[in-house]
Amino acid sequence: MRPLTEEETKTFFGKLANYIGKNIQHLINRPDEPYCFRLHRDRVYYISERVLRQAISVARDRLLSVGICFGKFTKTGKFRLHITALEVLAQYATYKVWIKPNGEMPFLYGNHVVRAHLGRITEDTPEHQGVVVYNMADVPLGFGVTARSTVEIRKLQPTATIVFHQADVGEYLRDEETLF
């Protein structure tokens, strides 16, 4: 387990800023105890420094996971957020989308969100912005990227895609062998 390099940090925070914006500072400057990001087997973990000191005593090949897994770096150097980061993303998200009950199952099976399934959306959401997808009871279901801005969405047909699917809680079942 090692700290992120400068290039990895730039890539990681760039992807994270697409979803939570300036709220990144709340992840790093926490009032309760200091937290940090560490890389282990191409995965980025969010760990309290107290737990990190204890995890150092475990051999690298024996350590499977520690803290919250935010995602992993691909072989090409890009960063891909995992569904395990949903709890943190939902807490600090700047843009949100709520979907109707008839749109929950298609989203949880890995499909994009269409206009007919849209319940609400945060005002002034720009195009290609990271959003957290909720059901109408404010339970986070996953996250994605908007296909159009809020102004354009209101003019679209019911079958038009408004949020491109990135990850959903159904991945816990579909990808349970490779998730951690």
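Author: In strand 11, G142 has D168 as its bridge partner. This is a predicted model, in which local features need pLDDT of at least 70 and side-chain atom pairs count only at pLDDT 80 or more, while totals for chains, interfaces and linings use all residues. Residues are numbered from 1 along each chain as its sequence is written, and side-chain values use heavy atoms, with hydrogens and water left out.

Reader: How many bridges pair strand 10 and strand 11, and in which sense?

Author: Helices (H or I, at least four residues) and strands (E, at least two) are DSSP runs, numbered from the N terminus. Two strands pair if DSSP finds at least two bridges between them. Here strand 10 (residues 140-146) pairs with strand 11 over 5 bridges in the antiparallel sense. Strand 11 (residues 161-168) is also joined to strand 7 (residues 113-114), by 2 bridges and again antiparallel; V113 has V163 as its partner there.

Reader: In what order do the 6 strands of the open sheet stand?

Author: Their order is 7-11-10-9-6-8, with mixed pairing. Strand 7 and strand 8 (118-121) each have a single partner strand, so one side of each lacks a neighbour in the sheet. Strand 8 pairs antiparallel with strand 6 (residues 96-99) through 3 bridges, and I99 is partnered by L118. Helix 5 (residues 101-108) packs on this sheet, in contact (heavy atoms within 4.5 Å) with strands 6, 7, 9 (130-135), 10 and 11. Axes are lines fitted to C-alpha atoms, for helices over the stretch in contact, and angles run from 0 to 180 degrees between N-to-C directions; the direction of helix 5 makes about 80 degrees with that of strand 10.

Reader: How is the open sheet of 5 strands paired?

Author: The pairing is antiparallel, in the order 1-2-3-4-5. Its edge strands are strand 1 (2-3) and strand 5 (79-81), each pairing on one side only. Between strand 3 (residues 43-48) and strand 4 (residues 68-73) there are 4 bridges, and V44 is partnered by G71. Helix 1 (residues 6-20) lies across strands 1, 2 (35-40), 3, 4 and 5, at about 35 degrees to strand 5.

Reader: Is F79 buried or exposed?

Author: Buried means under 20% relative accessible area, exposed over 50%, and partly exposed in between (1.4 Å probe, protein chains only). F79 counts as buried because its relative accessibility is 6%. This residue lies in strand 5. Not counting residues up to four places away in sequence, F79 touches T11, F12, K15, V44, F70, G71, K72 and F73.
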